[in-house]
Amino acid sequence: MIRVYTSSIIDAPCDAVWSRIRDFNALPLWHPVIADSRIENNEPSDRVGCIRHFHTRDGGMIRERLLALSDYEYTQTYEILESPMGVANYVATLKLTPVTDGGRTFAEWSAEFDCAEGRERELTDTIGQGVFQGGFDGLKRHFGRR
């Protein structure tokens, strides 16, 4: 099992960042590599079990299921159902924690998954930097500060 962990500080209050990422269908609004997204079967985008179907800007199609959502803990956990990345048993959690000094947000994004032998480093870098850090950078741009 491979583990990836990325963290960042976002110069915006936790409630504001959470309101942006809480919607499981809102990836295109804040993540720079996501082109479009829809929730299958017209389910609410905050219903545990809903499936988002989205495309990356390079044309990749990904389907993910929301496993948990907590407004109290500012967490969202999901699994990949289909992806061109070549991962299996992929489960990720995006978690926010208020930083009371300055009204900022500590953001953590982690995942565990299996992959073919020899692809561990490539996928760790792609997911950790391209997906997770890329998303954090998109949120920083959205909130207008670096």
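1. The fold is built around an open sheet of seven strands, ordered β1-β7-β6-β5-β4-β3-β2 with antiparallel pairing. Strands here are DSSP runs of E of at least two residues, and helices are runs of H or I of at least four residues, both numbered from the N terminus; two strands pair if DSSP finds at least two bridges between them. The edges are β1 (2-10) and β2 (34-39), each pairing on one side only. From one strand to the next, the twist averages 25°.

2. Before you go further, please keep in mind that this is a predicted model, in which local features need pLDDT of at least 70 and side-chain atom pairs count only at pLDDT 80 or more, while totals for chains, interfaces and linings use all residues. Residues are numbered from 1 along each chain as its sequence is written, and side-chain values use heavy atoms, with hydrogens and water left out.

3. Leu-69 stands opposite Gln-76 in β5.

4. Now the helices. Helix α1 (residues 14-21) packs on the sheet and touches β1, β4, β5, β6 (87-99) and β7 (104-115), where contact means heavy atoms within 4.5 Å. The direction of α1 makes about 150° with that of β6; axes are lines fitted to C-alpha atoms, for helices over the stretch in contact, and angles run from 0 to 180 degrees between N-to-C directions. Helix α3 (residues 120-142) lies across β1, β5, β6 and β7, running at about 20° to β1.

5. The loop between β2 and β3 (51-56) deserves a glance, as it holds Asn-41 and also Asn-42. Most residues other than glycine have a negative phi. Asn-41, however, has a positive phi of about 60°, and Asn-42 has one of about 55°. Asn-41 is exposed, with a relative accessible area of 68%, and Asn-42 is exposed at 77% (buried means under 20%, exposed over 50%, partly exposed in between, with a 1.4 Å probe and protein chains only).

6. Finally, the largest pocket has a volume of about 390 Å³, the space filled by probe spheres set on grid points joined across faces, edges and corners. A pocket is an open set of points on a 1 Å grid over the protein atoms alone, where a 1.4 Å probe fits, with protein on both sides within 12 Å along at least five of seven lines; lining residues have an atom within 4 Å of a point. Of its 21 lining residues, Val-33, Thr-56, Ile-62, Met-85 and Val-131 lie nearest the centre. β3, β4, β5 and α3 each supply at least two lining residues.
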